[in-house]
Amino acid sequence: MGYFENVIEAAALLRQRLGKLEPKIGIVLGSGLGAVADAVAHPVVVPYAEIPHFPQSTVAGHSGRIVAGQLNGVPVAVMQGRVHYYEGYSPLEVTFPMRVLGALGVRAVVLTNAAGGIAEGYRQGQLVLLGDHINQMGWNPLIGPNEARFSFQPGAGLRFFDMTEAYSRHLRDLAKDAARDEGFDLAEGVYLATTGPSFETPAEIRAFRSLGATLVGMSTVPETIVARHMGLEVVGISCVTNLAAGLSATPLSHEEVSETGRQVEQRLAGLLKRLMPKMEAQLGA
Ligand code: HPA
């Protein structure tokens, strides 16, 4: 069986577990940002290990399960934990879960991540909306024959497609509205993805800043690319877990990343709860 068939098989298992629940929005939670899943009402929990062909996360702080249910009245599928290229997974494996969400019929995804802050003025613990991204991973998950059957939304599944609005303009506006409702301002940034797993050097951070990046991380970009290939709308939100290399007096560590995530996850949960009904209304039936 091929990759596409594996995606369909995984989606079929999920559909069977979810019964009447039909998630409209997929949410991916990054390092230390798992609390959003606790806000899901009437949750159906499916560990990744029970889904055929699903990759298993090896990173501390990434729990590895789908929590589906209602988030502020909107049917969602929350992925608590993701896999990364640096774990040794192939580009196809890294983006498999996103394909499954597409096959499940979600119309949009919210991709969250932990990131290093490059822009001056970013504070540790700040949430930043992705306005755009720079792919510095050295690969693209769509390299290889085009699989046109990934056209779960009309007009999608193309070999070449537009990335001008990789992160949907109107959904970004809704996210800013939701943040304002929660009492804070959501800045917009440019996320640059590296493979990791080593953090960057100060020279790399200076180079990335001159390229126009304001955030740096090791995920999200491959997921955004395949989501757009399937015609899904994307919202990206980074949690600035640390100032990027060379910008702070202390050395970077995964513990710092996870700890900051834990401090911010409630604010992220509040934001996403506010955002869900707005997004649902925008996406329509
Ligand atoms: N660099 C890359 N990835 C990250 C960082 C960072 O500083 N912080 C959290 N994820």
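Asn242 touches Ala115, Gly116, Gly117, Gln124, Leu252, Glu256 and Val257, leaving aside residues up to four places away in sequence; a contact here means heavy atoms within 4.5 Å. The model is a predicted one, in which local features need pLDDT of at least 70 and side-chain atom pairs count only at pLDDT 80 or more, while totals for chains, interfaces and linings use all residues. Residues are numbered from 1 along each chain as its sequence is written, and side-chain values use heavy atoms, with hydrogens and water left out.

Asn242 belongs to strand 9 (residues 233-243). Helices (H or I, at least four residues) and strands (E, at least two) are DSSP runs, numbered from the N terminus. Is Asn242 buried or exposed? With a relative accessible area of 4%, Asn242 is buried, where buried means under 20% relative accessible area, exposed over 50%, and partly exposed in between (1.4 Å probe, protein chains only). The side chain of Asn242 is also joined to the side chain of Thr241 by a polar contact of 2.8 Å. Such a contact is a pair of N or O atoms within 3.5 Å; within protein, one must be able to donate a hydrogen and the other to accept it, and residues adjacent in sequence count only if both atoms are side-chain atoms.

Ser168 sits in the loop between strand 6 (127-135) and helix 4 (169-181). Which residues does Ser168 touch, not counting those up to four places away in sequence? They are Glu233 and Val234. With Glu233 there is also a polar contact between the two side chains, at 3.3 Å.

The buried residues are Val221, Pro222, Glu223, Thr224, Ile225, Val226, Ala227 and His229. Just after helix 6 comes Gly231, with a positive phi of about 80 degrees.

Positive phi values also turn up in residues other than glycine. His42 has a phi near 50 degrees, and is found in strand 2 (residues 41-47). His42 is exposed, with a relative accessible area of 68%. His53, for its part, has a phi near 70 degrees and lies in the loop between strand 2 and strand 3 (65-71). At a relative accessible area of 41%, His53 is partly exposed. Another backbone feature is the peptide bond from Gly196 to Pro197, which is cis, with omega near 0 degrees. Pro197 is part of the loop between strand 7 (187-193) and helix 5 (202-211).

Tyr85 lies between strand 4 (74-80) and helix 2 (91-94), and is partly exposed, with a relative accessible area of 32%. Not counting residues up to four places away in sequence, Tyr85 touches Pro91, Val94, Trp139 and Thr195. Tyr85 and Leu14 are 71 residues apart in sequence, and their C-alpha atoms are 24 Å apart in space. Lys20 is placed in the loop between helix 1 (3-18) and strand 1 (25-29), and counts as exposed at 83% relative accessibility. From Lys20 to Ala68 there are 48 residues in sequence and 11 Å in space, C-alpha to C-alpha.

What does the chain look like as a whole? The secondary structure of the protein chain comes to seven helices and nine strands. For 285 residues, a compact globule would have a radius of gyration near 19 Å, and the 17 Å of the protein chain agrees with this; the radius is taken over C-alpha atoms, and the globule rule is 2.2 Å times the number of residues to the power 0.38. Along the principal axes, the C-alpha atoms fill a box of roughly 50 × 40 × 35 Å. Of the 285 residues, 56% count as buried. Among contacts with a separation of 6 or more, 82% are accounted for by residues 24 or more positions apart.
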